[in-house]
Amino acid sequence: TIMPSKAFEAYQKYYIDRDYEQVDLFRLLASEYGISKAIYPGSYIHISPSFIFPTVAYIDSDKQAIRFFQSDSLGEIVESRKEYPEDPEIIFHGMDYQQVIEDYRERFDLLISQYAGFICGVCKPYLKAGGYLLVNNSHGDAGMASLDNDYQLVAAVHRRKGRYRLSTTGLMDYFIPKKDIQVTRELLLERGKGIGYTKTAALYLFQKVN
């Protein structure tokens, strides 16, 4: 894919060249769970959710992310790759995601947490009842979600040969520590990264049940 301006050279470098756009994953989630409105705290410049979801709010305080989302050609790339008929709604907040945006409470179908710390708790108010959290465990946030009674694990996301798939069986086998330790919220906050589990996935999908 050729981006239309220099503003997207970094996007090309970080997501296309590294084969981490995740468009097929977002497409899968939209198809399986009817997701159309997503919020992405700590998004950096990962714009590809807007190719699949008509409304996406991005939150990041990084200076390069702020410049990226101010680019005039941002709309061009989304228009050229979007897979829905309506006009894309791309919202960006150049701020620390730990400052809760009151107007966003219970407005979104999907909360995305990938490489930006502990998002599942502070940004949980943004999710509608029955909404979904897509999370990896690079900073321990998936482990944190597994301890939260407001979330229920509904699928493990695996990637093989470049393709994502959802597994909804054997979910009780995830988040069992390799070491004989009691995993607590305090332990994960202190470590600031994920611990080792006996069975893992690339990402996890939790549903907000309370």
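Student: Which residues does Leu 153 touch, not counting residues up to four places away in sequence?

Tutor: Contact means heavy atoms within 4.5 Å, and in this predicted model Leu 153 touches Leu 171, Tyr 174, Phe 175, Tyr 204, Leu 205 and Phe 206, with residues up to four places away in sequence not counted. Residues are numbered from 1 along each chain as its sequence is written, and side-chain values use heavy atoms, with hydrogens and water left out. Because the model is predicted, local features need pLDDT of at least 70 and side-chain atom pairs count only at pLDDT 80 or more, while totals for chains, interfaces and linings use all residues.

Student: Is Leu 153 buried or exposed?

Tutor: Buried means under 20% relative accessible area, exposed over 50%, and partly exposed in between, with a 1.4 Å probe and protein chains only; Leu 153, at a relative accessible area of 14%, is therefore buried. Leu 153 lies in strand E6, residues 151-160, where strands (E, at least two residues) and helices (H or I, at least four) are DSSP runs numbered from the N terminus.

Student: Which residues of helix H1 are buried?

Tutor: In H1, residues 9-16, the buried ones are Ala 10, Tyr 11, Tyr 15 and Ile 16. They lie on the same side of H1 because they cover an arc of only 165 degrees around the axis, the arc being that of the directions from the helix axis to the C-beta atoms. The buried residues of H1 pack against helix H3 (49-52) and helix H4 (63-69).
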